[in-house]
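Subject: Structure for your review, with notes

Dear colleague,

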2 protein chains.
Amino acid sequence: MDRRSFLAASAAVLTAAAVPWSHSLARESLPLLRLNANENPLGMSPMARAAAADALAEGHRYSFGVEGMLAQEIAEREGVDKENVTIANGSTGILEAVVWQQAMRGATLVQPQITFGAVGEIAAAAQLKRVDVPMLDGFRVDLEAMEAATAKIDGPVLVYLVTPNNPTGLLTPSAAIEAWVRRAPDNVFFLIDEAYHELVDDPAYRSSVDLVRTERENVLIARTFSKIYAMAGMRLGYAMAAAPVVEALQKYYSSWSVNIVAMQAGRASLRDAEFRALSFNSNRAARDFTQQGLDDLGLDFIPSQGNFLIHEIRMPLKNYQQKMREAGILVGRDMDLGEGWNRLSIGTPDEMKRFMTTLGSLHAGGWS
Amino acid sequence: MDRRSFLAASAAVLTAAAVPWSHSLARESLPLLRLNANENPLGMSPMARAAAADALAEGHRYSFGVEGMLAQEIAEREGVDKENVTIANGSTGILEAVVWQQAMRGATLVQPQITFGAVGEIAAAAQLKRVDVPMLDGFRVDLEAMEAATAKIDGPVLVYLVTPNNPTGLLTPSAAIEAWVRRAPDNVFFLIDEAYHELVDDPAYRSSVDLVRTERENVLIARTFSKIYAMAGMRLGYAMAAAPVVEALQKYYSSWSVNIVAMQAGRASLRDAEFRALSFNSNRAARDFTQQGLDDLGLDFIPSQGNFLIHEIRMPLKNYQQKMREAGILVGRDMDLGEGWNRLSIGTPDEMKRFMTTLGSLHAGGWS
């Protein structure tokens, strides 16, 4: 199921379920758990909410200058220059702009077979040729096979890499990515999606932003405020790239057309170190708890570096979704993972206790 | 000056001017007047602000279902079906998506020489061929010449029409537009931008939405919440078109990727008939007052149907901008109107009194 269809289906589920759930939930005082969309369950930081509320007084004004201030503040935080940063309507706005730009060059998209779907969807509309490179065992990205695939392509190539990858939660080794970017021929451009960057706790990981600091012109890093900053509904993302790359990209989308409330919330979020720590720690604790619980049940899973993980289920996905939905928990989505796997989004530790209790009951009942 | 350059320059002006203005304004208690960006000076409706403030609690959630509710409510208001409506990140989001879709068909853009610049800018990136059709006397759109121009083009054509047109404020006759759309050959697609639709008071005007109600598949109407609803910084727009046109367009942009706060503010705005009337009446009163004032000074102007108008100035635009800026009023922008004209955005009646007093002084001083 592609991203658009999933969103439409989710809307239908939420609407259809509203009445029966509101009754049963009122009885049980259990809120609906949304563990299917990699959202941050904490809600926006108090500082971000306050800044957003203030910004509503300016909702009638075009956001002259605000994106420049946000870009400057991101640049300071990331150790790049303001000219290396461009703001967008979610990181999706960045992904789309890169795809259109590459479409105008006649590029071929090379990406792992299992990854975030937005680039593939817009690439279909933009008529990019496309090579999906099969995964290694354990859902790992096969960087060598990707490089070999690009070598076979005449003309421009767009390589899309998400790390940690979605839906697997696995890192692709930073050093290997950087080495490839540095040795790649001129026809290859890298779009590196670091949506989950701030949630990683593996000490071997580092962002590819060093490539931007050294002004490589064949790479762009996409980031989002949706995850660590809990702003998925606010639609705020950004890219970092060499200044000429940023300047060229801005011709392909309206970088001035970003919601002023989102940008003020984003600026406040950058200043809120306490919330960032809370967000990181809550996710890690809930993820650790969930992984331990899956282990205790003897269910296979892939240790994750994001706010989600994939794990074994012992019934068809549709039945599993239905069972969980009856308990007020939204899970699951067809991710091309193959039969017997599901991607689970990580809620708060308390929410994951509720999930594990429900999963434990299902497991004890023999998945029937 | 294109839209992007203008926005960058405006940001620079606002930043550069912040210190001296804040001093002089504190002395005089005069706020900075922004009469250069066709914003609605009233600020968002109280109902919209309240809905937006409430929505901040959901800022961490993807907006599953909210765009569907907004589309339904727009459809009810406009007498079309929900399937005829698609939501976007500002009407700019719609304009961009249409241009990319047409680029994939290899279309040529045909538009009036003087019109809103966003389509032309993205069309340049999308490598559309382009025909700018000269205006008739008095800055009127030459529909006949546009039709003749399209007839000379082999292959797909995208016709862009803004009515009332920006920056002129002039309507293009509704009946003439509709007749052309109905008789146009299959290779011509019409993008009709009705950004200022709700501000029109000419009884001869009607929206082209009737073409959607009759399921014409060669036309799309773009609308925005930026103007009548005072939501320019919130980035909320929509399109209305035949259901297959909407479905096809949604492949070219992420219709699910719209800020949830903006959408809830938009939903509340649709319900706030009182604010809509206030907004309409305030703009009309301020526009009438301004037109009368210009007449009294003997300065030529084009009677407008938008929240802006173009009028005669008797010094070079840059000098005029500077003079007004010294009085704390932002005006002006290079609009290809030719020497001696400026587009003025309409503020509140009180703001326009201040503007006219300043303009009157400049006029009395012989524009020196």
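Predicted model: local features only at pLDDT ≥ 70, side-chain atom pairs only at ≥ 80, totals over all residues.

**Contact between the chains**

The contact takes 50 residues from chain A and 51 residues from chain B. On the side of chain A that touches chain B, helix 1 (3–28), helix 2 (46–55), helix 4 (90–105) and helix 10 (260–271) of chain A each supply at least two residues, and the largest share, six residues, comes from helix 1 of chain A. Sorted by class, that side of chain A has 25 nonpolar, 17 polar and eight charged residues.

**The sheet in chain A**

Chain A holds an open sheet of seven strands, in the order 2-8-7-6-5-3-4 and with mixed pairing. Its edge strands are strand 2 (85–88) and strand 4 (129–133) of chain A, each of which pairs on one side only, and neighbouring strands of this sheet are turned by 20° against each other on average, with direction ignored. At one end of that order, strand 3 (residues 108–112) of chain A pairs with strand 4 of chain A in the parallel sense over five bridges, and there Gln111(A) has Asp132(A), in strand 4 of chain A, as its bridge partner. Helix 4 of chain A, which is also among the helices that supply residues to the side touching chain B, lies across strand 2, strand 5 (157–162), strand 6 (188–193), strand 7 (219–224) and strand 8 (237–241) of chain A, and runs at about 155° to strand 7 of chain A.

**The sheet in chain B, and a further strand pair**

In chain B there is an open sheet of seven strands with the order 2-8-7-6-5-3-4 and mixed pairing. Strand 2 (85–88) and strand 4 (129–133) of chain B are the edge strands, each pairing on one side only, and the twist from one strand to the next averages 20°. Within this sheet, strand 5 (residues 157–162) and strand 6 (residues 188–193) of chain B run parallel and are joined by six bridges, with Val159(B) standing opposite Phe190(B) in strand 6 of chain B. Helix 5 (residues 118–125) of chain B packs on the sheet, where it touches strand 3 (108–112), strand 4 and strand 5 of chain B, and its direction makes about 160° with that of strand 3 of chain B.

Chain B also has strand 9, which pairs with strand 11 (residues 341–345) of chain B in the antiparallel sense over five bridges; His311(B) stands opposite Asn342(B) in strand 11 of chain B. Four of the five residues of strand 9 (residues 308–312) of chain B are buried, so this strand is largely enclosed by the rest of the structure.

**Two helix pairs**

In chain A, helix 11 (residues 273–297) and helix 13 (residues 349–364) pack at an angle of about 15°, with their axes 9 Å apart, and this angle makes helix 11 of chain A roughly parallel to helix 13 of chain A. Helix 11 of chain A passes helix 13 of chain A in a right-handed crossing. From helix 11 of chain A, the residues that meet helix 13 of chain A include Ala285(A), Phe289(A) and Gly293(A), while Met352(A), Met356(A) and Gly360(A) are among those on the side of helix 13 of chain A. By class, this contact of helix 11 with helix 13 of chain A has seven nonpolar, five polar and no charged residues.

Ala285(A) in helix 11 of chain A has 14 C-beta neighbours inside 10 Å and therefore counts as partly exposed. Between Ala285(A) and Met352(A) there are 9.9 Å in space, C-alpha to C-alpha, and the two are 67 residues apart in sequence.

In chain B, helix 3 (residues 66–78) and helix 10 (residues 260–271) pack at an angle of about 25°, with their axes 10 Å apart, which makes helix 3 of chain B roughly parallel to helix 10 of chain B. Helix 3 of chain B passes helix 10 of chain B in a left-handed crossing. Among the residues making the contact are Met69(B), Leu70(B), Glu73(B) and Arg77(B) of helix 3 of chain B, and Met263(B), Gly266(B) and Arg267(B) of helix 10 of chain B. The classes in this contact of helix 3 with helix 10 of chain B are seven nonpolar, two polar and four charged residues.

With kind regards

Terms used: Residues numbered from 1 in each chain as written. Chains lettered and ligands numbered in written order. Axes fitted to C-alpha atoms, helices over the stretch in contact; angles between N-to-C directions. Parallel < 35°, antiparallel > 145°, perpendicular 65-115°, else oblique. Left-handed = near helix turned anticlockwise from the far one by under 90°. Contact = placed C-beta atoms within 7 Å. Nonpolar A, V, L, I, M, F, W, Y, C, P; charged D, E, K, R; others polar. Buried ≥ 20, exposed ≤ 12 C-beta atoms within 10 Å, placed from the backbone. Pairing = 2+ DSSP bridges.
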